Amino acid sequence: MADPAAGVAEVRDALERVGYLAGESTALVSFIAERLGKPVLVEGPAGVGKTELAKALSRATGRRLIRLQCYEGLDEAKALYEWNYRKQLLRIQTEGEDAGWRDVHDDIFGEEFLLTRPLLQAIASEEPVVLLIDEIDKTDQEFEAMLLEVLSDFQISIPELGVVEAKSRPLVLLTSNNSRELTEALKRRCLYLWLDYPDVERELEIVRLHAPELNEQVARKLVEVIHMVRNLDLKKPPSIAESIDWARALLLLGAEEIDETVLKRTMSIIVKHRTDLDVVAERVGVKLQDGLIGRQQAG
Ligand SMILES: Nc1ncnc2c1ncn2[C@@H]1O[C@H](COP(=O)(O)OP(=O)(O)OP(=O)(O)O)[C@@H](O)[C@H]1O
Ligand SMILES: [Mg+2]
């Protein structure tokens, strides 16, 4: 058997080549998921790269990405399949008077009359795909229960048609912001990956990847300020997405330094609550003014 450590490193490198900087556990879990054909549940705060991981895996493996965006009230008709009633009705009308019910039934419950939705598309696909079930915590428990058949047996039962089995196993990623606790039954079927805010060095790499023209010193200071802001117990701490946006905005404005004035002008890019803005202006602004960030680790 090939060296597993080399396999993990290979996954990390492949992700890096498509613009995703994976940490140790991300690379490891992705590697195991692909080898064992197990779904991965990715949890963590907003904007830490959960959705992007699925997209990156799709790019890295050359598999098509099929995405199911979850929301409250999402049902089987939008996630699995739906019968195309209008087409069925048309067929019934054209069958003529003397066709028996059996014939009609056999006719109108064929694949031709099926509208496939993301889960069925992923299962029925001839080519292996990456299936992203994004923000699963937005759905209700009944929906989760429905998912179990897909996640453990990689098949979907359609009463009128039979069981559709996966021709090739999809690589499945489920993401959650933890807005509600998911069921044990679901968790048992998945590998688990907790994504957190990265450390300064990794976040600096990510920012530089997304905004390569930004001056190295400015980028480092930006990440240090972001980390300091995250420690402030805000309503909504800034995520990697905000770091990237801030870097791009600073580039656009031609900022060559992050001082108190620049922070005040641009901080609404990283904090998005009225009260958080006040806290940041007060606590971080002062440190910038005194030159306390950049020379030492912000605390
Ligand atoms: N490890 C990483 N390497 C490269 N880019 C990253 C990484 N992590 C996050 N990003 C970037 O950060 C941004 C936010 O990522 P993403 O949308 O995947 O977050 P999320 O965890 O799905 O957030 P939400 O919970 O709000 O949906 C994206 O632009 C993504 O490219
Ligand atoms: Mg997301």
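Start at the second largest pocket: by class, seven of its lining residues are nonpolar, three are polar and two are charged. Keep in mind that this is a predicted model.

**Stop 1: the second largest pocket**

Select E111, L114, T116, L120, Q121 and A124, which belong to the lining. Colour three elements next: β4 (114-116), α7 (118-124) and β7 (162-165). Each of them gives two or more residues to this lining. How much space lies in the second largest pocket? About 180 Å³.

**Stop 2: the largest pocket**

Move on to the largest pocket, which holds about 630 Å³ of space. Its lining has 35 residues. Which of these lie nearest the centre of the pocket? Select Y20, V48, G49, K50 and I240 to see them. Then show the elements that give two or more residues to this lining: α2 (24-36), α3, β8 (171-176), α10 and α12. Stay on α12 for a moment. With five residues, α12 provides the largest share of the lining. Now colour the lining by class. You will find 14 nonpolar, eleven polar and ten charged residues.

**Stop 3: ligand 1**

Keep the view where it is and show ligand 1, which sits in the largest pocket.

**Stop 4**

- Pick G49. One of its backbone N or O atoms lies 3.1 Å from an oxygen atom of ligand 1.
- Pick N177. Here a polar side-chain atom lies 2.9 Å from an oxygen atom of ligand 1.
- Pick H210. An N or O atom in its side chain is 3.0 Å from a nitrogen atom of ligand 1.

How much of the ligand does the protein cover? On its own, ligand 1 has 640 Å² of accessible area, and the protein covers 81% of that.

Notes. Residues are numbered from 1 along each chain as its sequence is written. Chains are lettered from A and ligands numbered from 1 in the order in which they are written. This is a predicted model: local features need pLDDT of at least 70, side-chain atom pairs count only at pLDDT 80 or more; totals for chains, interfaces and linings use all residues. Side-chain values use heavy atoms; hydrogens and water are left out. A polar contact is a pair of N or O atoms within 3.5 Å; within protein, one must be able to donate a hydrogen and the other to accept it, and residues adjacent in sequence count only if both atoms are side-chain atoms. Accessible areas come from the Shrake-Rupley method with a 1.4 Å probe; for residues, only the protein chains shown count as cover. On a 1 Å grid over the protein atoms alone, a cavity is a set of points where a 1.4 Å probe fits but cannot get out, and a pocket is an open set with protein on both sides within 12 Å along at least five of seven lines; lining residues have an atom within 4 Å of a point. A molecule sits in a cavity or pocket if more than half of its atoms lie within 2 Å of its grid points. Grid points are joined across faces, edges and corners, and a volume is the space filled by probe spheres set on the points. Helices (H or I, at least four residues) and strands (E, at least two) are DSSP runs, numbered from the N terminus. Ala, Val, Leu, Ile, Met, Phe, Trp, Tyr, Cys and Pro count as nonpolar, Asp, Glu, Lys and Arg as charged, and the others, Gly among them, as polar.
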